[in-house]
Amino acid sequence: MLIFKIAWRNILRHKGKSFIIGGILFLGAFLMVLGNATSNGMNRGIEENMVKSFTGHILLISDKEEDKKFLFPMLPKPMKIIQDYDRIQTILKQQDYIKDFLPMTRGGLAILGEAQMSFLMTYGCNFDDFQRVFGSPYEAVEGDLLKNGDKGILINSNGRKKQHVFQGFWLVPEGRDVVEANLSDEAKKEYPDLAIRRELNVGAFGESNASDDTVPVRAIVKFKSLNGLMEDISIIDIETYRKLFGYFTAEDIAEEVPVAQQKLLAAGEDDLFGSGDIFATGATTSVAELEKTIKTKTVIKRVINYDDAAFNYISLVLNPGESIDGAMAKIENLIEAEGLQLQAVSWRTASGQIADLSDVASGIINVFVFLLFIVAIIIIANTLSMTAMERTEEFGMMRAVGARKGFIAKMFLSETFFLSFIFGGIGLFAGVIVTWIIRPIGIGAGGIDFIELVFGGETFRPMLGFAGLVNGIINLLFVTIFAVIYPLLVARKITPLDAINRQ
Amino acid sequence: MNVIELEKVEKDYPLGATTVHAVRGVDLAIKEGDFISIVGPSGSGKTTLLNIIGCIDHATGGAVRIHGEDVTTYSDKKLTDLRLHTIGFIFQTFNLIPVLTTLENVEFPLLLMKKANLSKKEIRDRAVKLLEEVGLNDQMNQRPFELSGGQRQRVAIARALVTKPAIVLADEPTANLDSDTGEKILTLMKELNVIEKTTFIFSTHDPDILKYANGVVKIKDGLRVS
Ligand SMILES: Nc1ncnc2c1ncn2[C@@H]1O[C@H](COP(=O)(O)OP(=O)(O)OP(=O)(O)O)[C@@H](O)[C@H]1O
Ligand SMILES: [Mg+2]
């Protein structure tokens with residue numbers, strides 16, 4: 001009590017110093033909370049936007065797949081094919097923590113132009129299913145979005161501009177005209193003599209049995225967030241994808257119904273799936289034979305089930321509240337228990353550099369906060385040491401009349417921690433308030449791709465969870481403790497004699 | 001028994017390349033209830049000697065015994081506790097805790113005593129009584145900066161006496177006081193000396209107050225001359 005009383009009065013007595021230290025603690029705590037909320041918000045933003053619009057929380061790939069950062073690679077190697085989707089589907093549907101899932105394919109397309117070859121990532125899916133799982137993460141700027149069974153490709157609005165630069169032609173959806181307002185600056189210069197294309201001549205990338213084909217452009221799409229990040233992404237109907245990449249298509253299967261053929265198909269399947277990526281290589285005689293047999297069969301029944309045939313990965317969307325780590329563990333157990341030939345990868349891992357980029361942004365913030373720490377510690381430690389030395393007479397006097405070193409230490413610590421609690425506390429609180437005010441409003445990226453990337457979406461919304469606040473309090477404590485150690489030693493060392501000699 | 005015994009006590013201060021020999025082998029024996037005055041010219045070593053007796057400074061040679069125990073080997077903690085419980089010190093110039101009021105300054109050493117078994121009220125009463133005796137009835141709740149030099153000195157005296165120490169050391173206690181107050185203070189000290197058998201040692205330049213002493217120690221250039 002005596003210590004607290006003296007400490008408190010000393011804080012008031014040395015108002016200037018208290019204010020400097022308090023001010024730094026306030027600012028430090030404030031910026032720390034904001035930094036935390038910012039990096040948290042960015043991560044949350046990119047997670048929400050990526051997970052909800054394209055990747056899902058967890059992705060399942062063939063256990064033979066070596067590249068776990070497969071989703072947005074620089075050079076797309078052909079992916080291994082997922083075995084036994086029918087069974088997987090049944091099992092996944094029984095998992096209560098999985099909200100929904102979507103099988104997809106992923107590959108690189110070479111655009112075969114007159115001038116040069118350019119490149120596009122393409123993702124095959126059933127459109128209706130995509131909409132079901134991911135809502136409508138993109139909208140058609142021109143043309144119409146597709147439904148199951150429609151054939152064609154959706155091109156990213158930014159990707160179109162890029163391809164125009166590479167190829168010299170401007171893509172518009174089938175049956176549509178140029179929308180002048182949507183032209184890029186470069187394209188505007190060429191207009192109205194602008195070369196227009198409504199279909200793409202593409203070759204599947206890196207597949208030996210892949211074919212060239214002409215694919216109709218059905219829509220120019222814009223992702224509602226992170227469109228810039230998605231510029232090289234095109235969405236294609238699954239059957240066209242399979243044809244291009246030489247996969248066994250659902251239509252192929254639908255054509256083959258007679259019981260007599262089941263045996264052959266089964267035999268073929270065994271062969272195919274046994275070797276893993278045989279669809280990709282396609283050179284095996286059994287495939288050729290099989291396809292020939294199938295193609296020559298008369299159509300008896302033609303029910304196309306698009307979930308049949310080949311996929312590269314399955315995106316899993318978790319139920320709200322499920323943690324990715326928790327679900328990963330469950331999925332891994334499931335794969336083990338059911339003997340599925342799969343491996344689970346988090347969206348972050350699968351996204352590779354894109355997720356890394358958001359880490360870079362929060363990394364920079366963390367470095368900034370760390371530097372702030374160091375600077376705060378240095379300034380506070382300095383000011384406190386000066387205070388301790390200036391108070392030699394006071395401390396020496398207390399020691400002379402019988403106060404132990406511990407008493408001086410406790411008093412000094414009390415003063416510093418009072419300041420830390422009061423000013424640091426106000427700083428934390430201010431940070432929370434500012435976060436709280438900005439969050440619902442959000443800060444717009446102004447349509448600038450880079451900023452959108454840093455923000456993790458169109459709008460930046462800082463976010464401070466309970467963990468962030470606890471983190472802030474712990475950091476504040478650390479700063480206080482580190483800053484007080486040296487001055488405390490100085491204060492403890494002061495003797496009555498030092499005080500007498502001062503005079 | 002001697003309360004204080006100094007045996008060939010030396011104190012050297014290094015000063016640049018040379019050494020100042022402030023105290024050069026002083027022997028001293030002080031009995032319980034003595035009222036001793038240390039006199040000598042300025043710079044003769046009075047303050048240094050008192051600081052050594054008061055466990056504030058270390059002798060560089062010789063032995064210092066308080067209640068028969070050699071304190072030269074004591075730890076910082078033991079020395080501090082000795083200062084708190086056994087010795088009351090009135091310094092020549094430096095004195096009070098700035099953030100505490102007059103009353104709180106006097107209470108301070110009692111509050112440090114964890115084993116004193118004194119209630120808050122007893123502590124307060126004792127402090128108030130002493131402040132009345134040094135004539136500071138009206139300054140109880142003022143802070144040191146609101147007091148005159150003499151008033152501050154009186155607070156310091158009250159604080160030195162409040163723990164009822166066995167030994168009170170005073171370095172020119174009356175130097176900042178007018179002769180009336182000086183007399184009053186010395187009378188108070190003498191009373192305590194007689195009633196409580198408190199041992200007093202004080203340094204002074206003032207021949208007037210020598211009459212209170214029952215023993216005079218004269219020093220010159222760090223040596224005892226009588
Ligand atoms: N910290 C110190 N460093 C160096 N020399 C010192 C120190 N303290 C005292 N001295 C020297 O020791 C000698 C004795 O000093 P001291 O203060 O004990 O004298 P004093 O008798 O109390 O004098 P005064 O009557 O002026 O108070 C002096 O020569 C002084 O210069
Ligand atoms: Mg002196």
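How much area is buried between chain A and chain B, and what percentage of it do carbon and sulfur atoms give? In this predicted model, the buried area comes to about 2,300 Å², and carbon and sulfur atoms give 67% of that figure. On the side of chain A, Arg9(A), Met397(A) and Val401(A) lose the most area to chain B, and together they hold 26% of what that side buries.

Let me stay with this interface. Chain A contributes 24 residues to the contact, and chain B contributes 26 residues. The polar part can be counted as well: there are eight residue pairs in polar contact between chain A and chain B, with both residues at pLDDT 80 or more. Which elements of chain A give two or more residues to the side that touches chain B? They are helix H1 (2-13), H15, H16 and helix H19 (496-501) of chain A. The largest share comes from H15(A), with seven residues.

The rule also finds four salt bridges across the interface of chain A and chain B. Among them is the one that Glu104(B) forms with Lys5(A), in which the closest N and O atoms are 3.3 Å apart.

One residue of chain B deserves a separate remark, namely Leu84(B), which lies in helix H2 (residues 76-85) of chain B. Is Leu84(B) buried or exposed? Leu84(B) is buried, because its relative accessible area is 4%, where the cut-off for buried is under 20%. Neighbours within four places in sequence aside, the contacts of Leu84(B) include Val401(A) and Gly402(A) from chain A, as well as Pro109(B), Leu112(B), Met113(B) and Thr163(B) from chain B. I recall here that Val401(A) is one of the residues of chain A that lose the most area to chain B.

I turn now to chain A itself. Its secondary structure comes to 19 helices and 14 strands. Of its 503 residues, 52% count as buried. Among the contacts in chain A with a separation of 6 or more, 78% are accounted for by residues 24 or more positions apart.

Where does H18(A) bend? The bend, of about 35°, is at Ile485(A), and a proline, Pro487(A), follows within four residues.

The buried residues of H18(A) include Gly468(A), Gly472(A), Asn475(A), Leu476(A), Val479(A), Thr480(A), Ala483(A) and Val484(A). Pro487(A), the proline that follows the bend, is also one of the buried residues. What covers the buried residues of H18(A) includes helix H2 (15-55), helix H14 (353-390), helix H15 (392-400) and helix H16 (405-441) of chain A.

My last topic is the salt bridges within each chain. How many salt bridges are counted over all chains? The count comes to 27.

In chain A, Arg160(A) forms a salt bridge with Glu142(A), with the closest N and O atoms 2.8 Å apart. This pair links distant parts of the chain: Arg160(A) is in helix H5 (residues 157-167) and Glu142(A) is in strand S4 (residues 138-143), 18 residues apart. Arg160(A) counts as buried because its relative accessibility is 2%, and Glu142(A) is buried with a relative accessible area of 4%.

In chain B, the side chains of Arg65(B) and Glu5(B) meet in a salt bridge of 2.9 Å, N to O. Arg65(B) belongs to strand S4 (residues 61-66) and Glu5(B) to strand S1 (residues 2-15), 60 residues apart. Arg65(B) is partly exposed at 22% relative accessible area, and Glu5(B) is partly exposed at 24%.

A further salt bridge in chain B joins the side chains of Arg124(B) and Glu107(B), at 2.7 Å, N to O. Arg124(B) lies in helix H4 (residues 120-133) and Glu107(B) in helix H3 (residues 102-112), so the pair ties together parts that are 17 residues apart in sequence. Arg124(B) counts as partly exposed at 37% relative accessibility, whereas Glu107(B) is buried at 5%. Finally, Arg13(A), Arg391(A), Glu394(A) and Glu415(A) are joined into one network by salt bridges that share partners.

Methods: Residues are numbered from 1 along each chain as its sequence is written. Chains are lettered from A and ligands numbered from 1 in the order in which they are written. This is a predicted model: local features need pLDDT of at least 70, side-chain atom pairs count only at pLDDT 80 or more; totals for chains, interfaces and linings use all residues. Side-chain values use heavy atoms; hydrogens and water are left out. The bend at a residue is the angle between axes fitted to the seven residues ending there and the seven starting there. Buried means under 20% relative accessible area, exposed over 50%, partly exposed in between (1.4 Å probe, protein chains only). Contact means heavy atoms within 4.5 Å. Buried area is the accessible area (1.4 Å probe) that two parts lose on being put together, summed over both. A polar contact is a pair of N or O atoms within 3.5 Å; within protein, one must be able to donate a hydrogen and the other to accept it, and residues adjacent in sequence count only if both atoms are side-chain atoms.
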